Amino acid sequence: MSRKPDEFDRCILRALQKNAGLSQRELADIVGLSQNACWRRLNALRASGLVGNQTLRLDPARLGLGLTVFVMVRTRNHSREWLERFHKAVTAIPNVIDFYRIAGDYDYMLKIITQDMESFDTIYRTLISRVDLDTVTSYMAMEAISANRDLPV
């Protein structure tokens, strides 16, 4: 998409963030366009990369994944080789659902969702055994007040 998204495009994006499983007819009705016009716009949004693959949001608690931990990591090594090893070690742990390089007192932040403290300790031990880290600080979430919010389009 070489043009800037207009209000119809943003309406499509908002509707799909709420429910990516909408039928073409339902989406067109919400947006106020014909099915063909809506379909053409959706294809253009996909082709532009604004719309990626569609996924489902699962309820972690109902899956027995009741502990969310934010892990802050500081390192003294900032070489490309170290980062590649660290990236490989982190992404090999399926419970790490978000992984960021950040600015501030720490260098990286990981969001880990797991069953309980015992399972987190296993993940923690796995992480620190795979790559040399300077400081690792963990913060356990007590309550998700607002999580997985839609992007403001």
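This briefing walks you through a sheet, a helix, a pocket and a few single residues.

The model is predicted, so keep its ground rules in mind: local features need pLDDT of at least 70, side-chain atom pairs count only at pLDDT 80 or more, and totals for chains, interfaces and linings use all residues. Residues are numbered from 1 along each chain as its sequence is written, and side-chain values use heavy atoms, with hydrogens and water left out. Helices (H or I, at least four residues) and strands (E, at least two) are DSSP runs, numbered from the N terminus.

**The sheet**

- Four strands form an open sheet in the order β2-β3-β1-β4, with antiparallel pairing; two strands pair if DSSP finds at least two bridges between them.
- β2 and β4 (135-140) are the edge strands, each pairing on one side only.
- On average, neighbouring strands of this sheet are turned by 20° against each other, direction ignored; axes are lines fitted to C-alpha atoms, for helices over the stretch in contact, and angles run from 0 to 180 degrees between N-to-C directions.
- As background, strands of a sheet pair through backbone hydrogen bonds, either parallel or antiparallel.

**β3 and its partners**

- The antiparallel strands β2 and β3 are joined by five bridges.
- Tyr100 has Met109 in β3 as its bridge partner, and Asp98 has Lys111 in β3.
- β2 and β3 also form a hairpin with six residues between them, and Gly104 in the turn has a positive phi of about 125°.
- With β1, β3 pairs in the antiparallel sense over seven bridges, and Val69 stands opposite Ile112 in β3.
- Six of the seven residues of β3 are buried, so this strand is mostly covered; buried means under 20% relative accessible area, exposed over 50%, and partly exposed in between (1.4 Å probe, protein chains only).
- Helix α5 (residues 117-130) lies across β1, β3 and β4, running at about 140° to β3; contact here means heavy atoms within 4.5 Å.

**The largest pocket**

- About 1400 Å³ of space lies in the largest pocket.
- Of the 43 residues that line this pocket, the closest to its centre are Thr55, Leu56, Arg57, Asn148 and Arg149.
- How is a pocket found? On a 1 Å grid over the protein atoms alone, a pocket is an open set of points where a 1.4 Å probe fits, with protein on both sides within 12 Å along at least five of seven lines, and lining residues have an atom within 4 Å of a point.
- Grid points are joined across faces, edges and corners, and a volume is the space filled by probe spheres set on the points.
- α1 (7-18), β1 (67-74), β2 (96-101) and β3 (108-114) each supply at least two lining residues, and the largest share, five residues, comes from α1.
- By class, the lining has 22 nonpolar, 11 polar and 10 charged residues; Ala, Val, Leu, Ile, Met, Phe, Trp, Tyr, Cys and Pro count as nonpolar, Asp, Glu, Lys and Arg as charged, and the others, Gly among them, as polar.

- Asn148 lies in the segment after β4 and is exposed, at 53% relative accessibility.
- The phi of Asn148 is near 55°, a positive value in a residue other than glycine.
- For comparison, most residues other than glycine have a negative phi.
- Ala61 sits in the loop between α3 (35-48) and β1, and is exposed with a relative accessible area of 56%.
- The C-alpha atoms of Ala61 and Thr114 are separated by 9.5 Å, although the two residues are 53 apart along the chain.
- Asn53 lies in the loop between α3 and β1, and counts as exposed at 70% relative accessibility.
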